[in-house]
Amino acid sequence: MILKFFEHIGQKTTDFFLSIYEAMQFTALCLIHMVQPKSYNPAMRMVLIKQIYFTAVGIIPLFIMMAFLFGSVIIGVVIALATQYNLQSQIGSIIVTFALNEFSPFFTALLISLRSGTAVNTEIAVMNVNKELNTLKEYKIDLIDYLFLPRILSGIVSVTSLSILFAIIMLGSGYIFTLFYMGMDLHTYQTLLANAVGVDNLLILLLKSVAFGFVTMLIPIYSGLKTANAYTAIPISVLNGMVKLFIAIFFIEVLSLVLQSL
Amino acid sequence: MLENIALIKEVHELLPTQEAQAHAIESLRLIDLEHIGPSRLNQCTSLEVFYVMVIRAMMAKEEVIFIVTPFFLIKKLARIEPVLEKLVLLNKEQKNIIILDNLTNQSHYKGDLCNIIK
């Protein structure tokens, strides 16, 4: 009984580390392909353009609306709290840090994960179950170059560009609230932001967006690839993929906070 | 279907998309199927899908093409002769086409354009 219990723990631990190893191997493989010029064949470029269109362009109206609604409310709360605690002198850096470093990339990553991450996970899982991936392999078409790399790159491009758009909208909303709470004019607000924004803020925004974009596509792809050979396994694959993706997004967010606090 | 066929030349010969699609249209035109170019898989009949698979195989570098159980791949196929004629039209590079089928379908091939080997 006890032996079985330890065997079970041992098996689970081995499986866990093995799956981590496989995932790391897949990530490394994708990164290697990303820097190889031969990966960028005409078919791949066409898929990449389409993916960017579906991931970043198609979502713009909804995204702007969401950014305006959520961004305004959040920045409003932050400004109201800063005013309440007499932090008016720090308002520029508070807005910049909150909008650029924290909220914009995080919210964008969540939105893209929900919209495109699920779609990519399902797409790859269906292709896997239908043996379409095997057909591509039979024709010696590299799956990483043709299927995975365009999606990963589109994730990086989309999350980064939409994060910047989100930050711009959020900073714009910030003006409305500073005007309302502090009676601040536009020129003062602009100067405040210009003095508060540093290269480090922009670097954090970019690095976080790239990291979020990368995992937003990589994890659903990997999850889709690991789908068992049955249609009933597709929802399970999407479910597992999304759970792993959200854990990864929160992990990156926490990691960035820890690194920033050092 | 056009993208599906063009993919082979885009990847293996690095042809630009437009050029690869022009090759695909040309092949479809040979068998009077250029109208299925913009269609998706669910909009095509099993016969049209079969021809797309054959064209794709023709575009690959391999010299031998295996077609396994065409009577299973193509629904309600009564005669293989028209299919074989179109295969001849498509086979400009004179590749070896080998059809593998069950002995129960042997009668379908008698007197046609192929050599039967048991």
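Contact is taken here as heavy atoms within 4.5 Å. The structure is a predicted model. In chain A, on that criterion, A:T55 touches A:I112, A:R115, A:S116, A:S154, A:S158, A:L162 and A:M217, leaving aside residues up to four places away in sequence. A:T55 belongs to helix α2 of chain A. With a relative accessibility of 2%, A:T55 is buried, because the limit for that class is under 20% relative accessible area.

When residues up to four places away in sequence are not counted, A:A125 touches A:G224, A:T227, A:I234 and A:S237. The C-alpha atom of A:A125 is separated by 8.2 Å from that of A:I221, although the two residues are 96 residues apart along the chain.

The interface between the two chains was examined next. Eleven residues of chain A are in contact with 15 residues of chain B. On the side of chain A, the greatest loss of area to chain B falls on A:P42, A:Y139 and A:I141, which together account for 49% of what that side buries. Between them, chain A and chain B bury about 1000 Å², and carbon and sulfur atoms carry 64% of this area.

Four residue pairs are in polar contact between chain A and chain B, both members being at pLDDT 80 or more. The side of chain A that touches chain B draws at least two residues from each of α2 (42-57) and α5 (132-138) of chain A. Of the elements involved, α2(A) gives the most to this side, with four residues. By residue class, the side of chain A that touches chain B comprises seven nonpolar, two polar and two charged residues. Two salt bridges are counted between chain A and chain B. In one of these, B:E62 pairs with A:K140, with the closest N and O atoms 2.7 Å apart.

Over all chains, the structure holds nine salt bridges. Within chain A, the side chains of A:E123 and A:R151 form such a pair at an N to O distance of 2.8 Å. A:E123 lies in helix α4 of chain A and A:R151 in helix α6 (residues 143-182) of chain A, so the pair ties together parts that are 28 residues apart in sequence. The two partners fall into separate accessibility classes: A:R151 is buried, at a relative accessible area of 4%, whereas A:E123 is partly exposed, at 31%.

Salt bridges are also found within chain B. B:K9 is paired with B:E13, and their closest N and O atoms are 3.1 Å apart. B:K9 counts as buried at 11% relative accessibility, while B:E13 is partly exposed with a relative accessible area of 40%. The side chains of B:R29 and B:E34 meet in a further salt bridge, at 3.9 Å from N to O. B:R29 is partly exposed at 47% relative accessibility, and B:E34 is partly exposed at 37% relative accessible area. In chain A, A:E102, A:K208 and A:E253 are joined into one network by salt bridges that share partners.

Conventions. Residues numbered from 1 in each chain as written. Chains lettered and ligands numbered in written order. Predicted model: local features only at pLDDT ≥ 70, side-chain atom pairs only at ≥ 80, totals over all residues. Heavy atoms only, no water. Buried area = accessible area lost by both parts, 1.4 Å probe. Salt bridge = Lys/Arg side-chain N within 4 Å of Asp/Glu carboxyl O. Polar contact = N/O pair within 3.5 Å; in protein donor to acceptor, adjacent residues only side chain to side chain. Nonpolar A, V, L, I, M, F, W, Y, C, P; charged D, E, K, R; others polar. Buried < 20%, exposed > 50% of the residue type's maximum accessible area, 1.4 Å probe, protein only.
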